[in-house]
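Please consult the display below while reading.

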Amino acid sequence: MTVILLRHGVSTSNTARTLAGRSQGVDLTEYGDEQARSLADRLAGLPIRHIVASPLLRCRRTVAPLAEKLSLDPREDERIVEVDYGEWTGKVIADLVREPLWKVVQRHASGAVFPGGEGLAQVQQRAVAAIREHDRVFAERHGHDVLWVACTHGDVIKSVLADALGIHLDGFQRIVVEPASISVIRYTPHAPYVWRINDTGTDLAALAAVREPAPDAGREQPSGPVPGGEIGGTAGADNGNAQR
């Protein structure tokens, strides 16, 4: 099963340089709306079967154009909602960088707990559990590999990628996830494989290979990287943009 982790487009909080957290009413900017429409154009040609989104407005607005193009009804999942930053919610980033906890968040994320909020370790636990559960349910429903979208938030996506990459949560700040970027993970029975990180505009044709099984699908198929390297034009092939 293959999930496209989509970060919401640029929000009013992003441009105001504040920490939105779970604040209600944080919408996309005009540019964020444009990003959402562009994402719909980029992704609409792929065989996407499901869309799951954080219930916050900026995520719902981001997936709306894609859902309309694909005639899909997005489902909301609280487990991939933004981090509960507690007392930090709504504050200016420039003020927060002076807080002692800021360095903990950057260097020892697994030990960071926001005052009145949740810890980043909790975020990773709930988000990874949600992604893997949806992946399992979709696999059982369809009986084969399908492509689906999970639209969520930067720190949430980075924590899921850290898990898939097998790196400690303390290193998750080394991963960059920009607004409206996509990151792609394929979950197999043996291990997850990361195909793309922070992709904001490369060719997605390789993902179109995620489709219903071919007539000879009864044969044993490779579930991960091919020894000796990938074959161009197949799902997961390295086209030079995997880490863009």
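## A kink in helix 3

Helix 3 (residues 57-70) has a kink of about 35° at alanine 64, shortly before proline 65. The bend at a residue is the angle between axes fitted to the seven residues ending there and the seven starting there. Helices (H or I, at least four residues) and strands (E, at least two) are DSSP runs, numbered from the N terminus.

Helix 3 has 14 residues and reaches 20 Å from its first C-alpha to its last, close to the 20 Å expected at 1.5 Å a residue; the expected span is 1.5 Å times one less than the number of residues. After helix 3 comes serine 71, with a positive phi near 55°.

## Basis of the model

The model is predicted: local features need pLDDT of at least 70, and side-chain atom pairs count only at pLDDT 80 or more, whereas totals for chains, interfaces and linings use all residues. Residues are numbered from 1 along each chain as its sequence is written, and side-chain values use heavy atoms, leaving out hydrogens and water.

## The covered side of helix 3

Which residues of helix 3 are buried? They are Arg58, Cys59, Thr62, Val63, Pro65, Leu66, Ala67 and Leu70. Buried means under 20% relative accessible area, exposed over 50%, and partly exposed in between (1.4 Å probe, protein chains only).

The cover over these buried residues includes strand 1 (2-7), helix 2 (30-43), strand 2 and strand 4.

## Strand 2 and its partners

Strand 2 (residues 48-53) is largely enclosed by the rest of the structure because five of its six residues are buried. Strand 2 pairs in the parallel sense with strand 4 (residues 147-152) over five bridges, and with strand 3 (residues 75-76), also in the parallel sense, over two bridges. Two strands pair if DSSP finds at least two bridges between them.

Valine 52 stands opposite alanine 150 in strand 4, and its bridge partner in strand 3 is arginine 75. Strand 2, helix 3 and strand 3 form a right-handed β-α-β unit: with the strands pointing away from the viewer, the path from the first strand over the helix to the second runs clockwise.

## Nonpolar cores

A nonpolar core is a set of buried Ala, Val, Leu, Ile, Met, Phe, Trp, Tyr and Cys residues joined through side-chain atoms within 4.5 Å. In the largest core, of 39 residues, Leu5, Leu120, Ile131, Leu161 and Ile185 touch the most other members. Helix 6 (120-142) gives this core its largest share, seven residues. A second, separate core of 21 residues includes Leu6, Ile51, Cys59 and Leu66.

Notes. Contact means heavy atoms within 4.5 Å.
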